[in-house]
Amino acid sequence: MQLHSRVFGRGIAALLCASLLMSACGEKKAGGEQRSLDFSRLDAFPSTYSVTQSQPVLIQDATLLTGTGEQLENTDLLLEGGKIVRIGQDLKAPEGALVVDGTGKWVTPGIIDVHSHLGDYPAPSIESSQDGNEMTSPNTAQVWAEHSVWTQDPQFPLALAGGVTTLQILPGSANLFGGRSVTLKNVPGRSVQDMKFPGAPYGLKMACGENPKRVYGGKGTSPSTRMGNVAGYRSAWIDASNYKKKWEDYVEKGGDEPERDLGLETLAGVLNGDILVHNHCYRGEEMAVMMDVADEFGFQISTFHHAVEAYKVADLLAENNVCAAMWADWWGFKHEAFDMTEANIAIVDQAKACAMIHSDSGVSVQHLNEEVAKAMTAGQRAGFDIQPKDAVTWMTLNPAKALGIEAQTGSLEKGKMADVVVWSGNPFSVYTHVDQVFIDGALMYDRFDKKRQPRSDFELGILDAEGERL
């Protein structure tokens with residue numbers, strides 16, 4: 001049930017009582033356990049995305065990398081009603097179906113980029129459109145990345161042509177708390193709500209290490225050290241704990257309604273388990289510190305991003321159920337990014353932790369399959385037996401897990417969203433192209449049909465190098 005914070009009167013309490021999310025309404029869970037406040041559903045900007053009605057699609061005789069550890073040869077995939085409905089051999093095409101000859105082709109789930117700034121740092125890259133970092137306070141948990149997304153960013157269709165069907169748009173990493181992230185389906189939309197992934201949890205962007213202390217230490221304010229960073233986190237979580245308790249007491253006992261605080265509302269949503277923490281963090285010992293802070297305040301970190309030294313704490317990531325989103329070979333551009341190994345992703349994966357690729361780039365997002373190929377090859381050189389059926393999860397199912405949407409997407413399984421990429425060959429070959437991309441079963445990109453090679457509205461009327469209109 002979507003909740004709208006445009007409803008005033010009794011404010012938060014009225015909304016939550018109406019949706020039976022709180023114990024003050026007289027509702028308790030089985031066994032008498034008190035219901036808790038769900039801050040994340042106080043959403044003034046709910047998704048308006050809807051599945052495009054499309055004909056059934058039958059992909060025949062392809063090699064399927066399911067994202068669940070299987071490689072299926074000469075296999076058919078049937079998409080209907082926006083879902084994957086059958087996987088098998090010699091499937092019959094429904095009436096009116098689009099039939100795709102998959103002979104010699106490979107099929108994967110749609111690529112999911114867990115770390116993107118598309119729309120917030122759009123192209124063309126000019127100062128007036130750089131809206132991803134609210135560098136006015138170490139704690140800007142009150143801002144939401146979706147309110148900076150320019151839906152006409154030409155980088156969205158370029159990512160689509162690279163097989164990317166879902167993206168998490170994050171605020172930047174200048175602050176200890178950068179604000180809320182948003183998960184988008186990679187479809188055209190007039191508003192960001194038209195792109196929002198229905199039901200996807202919000203994320204909270206945090207950053208440790210050099211960035212916050214450099215930005216604010218350079219201004220002569222706190223934090224200027226890593227210990228200042230950690231003090232800032234802990235102070236904010238204490239405030240959020242008190243805020244959450246204040247609302248819970250109000251709902252249970254009545255009295256004066258507390259004032260809403262947008263920043264504390266987001267942090268309380270994390271403490272309540274409804275908003276996922278995505279933490280920019282490079283060094284191994286800092287990841288260990290952040291897991292300690294999470295343990296102190298009782299919240300779960302979903303994913304460390306960049307995580308150049310994740311291989312040093314791979315066992316801790318596995319023990320604490322924390323994912324790591326990494327690059328294949330970006331390193332050395334600053335001190336905290338120096339101590340890197342190209343086998344980083346493979347080592348984290350072999351430790352049974354949740355490993356994945358990410359872009360943090362408008363260029364790399366177009367080639368995430370090649371980035372996975374590099375990481376897979378580095379793992380093989382390090383002695384690990386990693387095959388395409390294993391590595392595909394680094395760009396599909398594991399990012400879905402990190403975003404809390406693995407029940408809906410990230411693998412080729414019956415009942416999941418029909419977010420599917422058809423490749424001209426092995427997706428981990430540099431000679432392979434994306435042939436077709438389906439989102440919820442609708443053909444959104446076709447390499448052989450210019451009518452299915454979308455451009456953003458901003459690009460309409462612009463001429464290419466040959467003087468032809470794009």
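Me: In this predicted model, which cysteine forms a disulfide with C323, and how far apart are their sulfur atoms?

Reply: A disulfide is a covalent bond between the sulfur atoms of two cysteines. Here C323 is joined to C354, with 2.4 Å between the two sulfur atoms. That separation falls within the 2.5 Å cut-off, and therefore the pair counts as a disulfide.

Me: What is the handedness of the link between C323 and C354?

Reply: The angle about the S-S bond is 85°, and the link of C323 and C354 is right-handed.

Me: Which elements hold C323 and C354?

Reply: C323 belongs to strand 12 (residues 323-326), while C354 sits in the loop between helix 8 (344-350) and strand 13 (355-357). The two cysteines are 31 residues apart, and the bond links distant parts of the chain.

Me: Are C323 and C354 buried or exposed?

Reply: Both C323 and C354 are buried.

Me: How many disulfides does a search of the whole structure find?

Reply: The search finds two. Besides the pair already discussed, C208 and C281 form a disulfide, and their sulfur atoms are 2.1 Å apart. This bond also links distant parts of the chain: C208 lies in the loop between strand 9 (203-207) and helix 3 (210-217), C281 lies in strand 10 (residues 276-281), and 73 residues separate them.

Me: Why does C208 count as buried, and why does C281?

Reply: Buried means under 20% relative accessible area. C208 counts as buried because its relative accessibility is 2%, and C281 because its value is 0%.

Me: What is the pairing when the bonded cysteines are numbered in sequence order?

Reply: With that numbering, the pairing is 1-2, 3-4.

Note on methods. Residues are numbered from 1 along each chain as its sequence is written. This is a predicted model: local features need pLDDT of at least 70, side-chain atom pairs count only at pLDDT 80 or more; totals for chains, interfaces and linings use all residues. Side-chain values use heavy atoms; hydrogens and water are left out. Helices (H or I, at least four residues) and strands (E, at least two) are DSSP runs, numbered from the N terminus. Buried means under 20% relative accessible area, exposed over 50%, partly exposed in between (1.4 Å probe, protein chains only).
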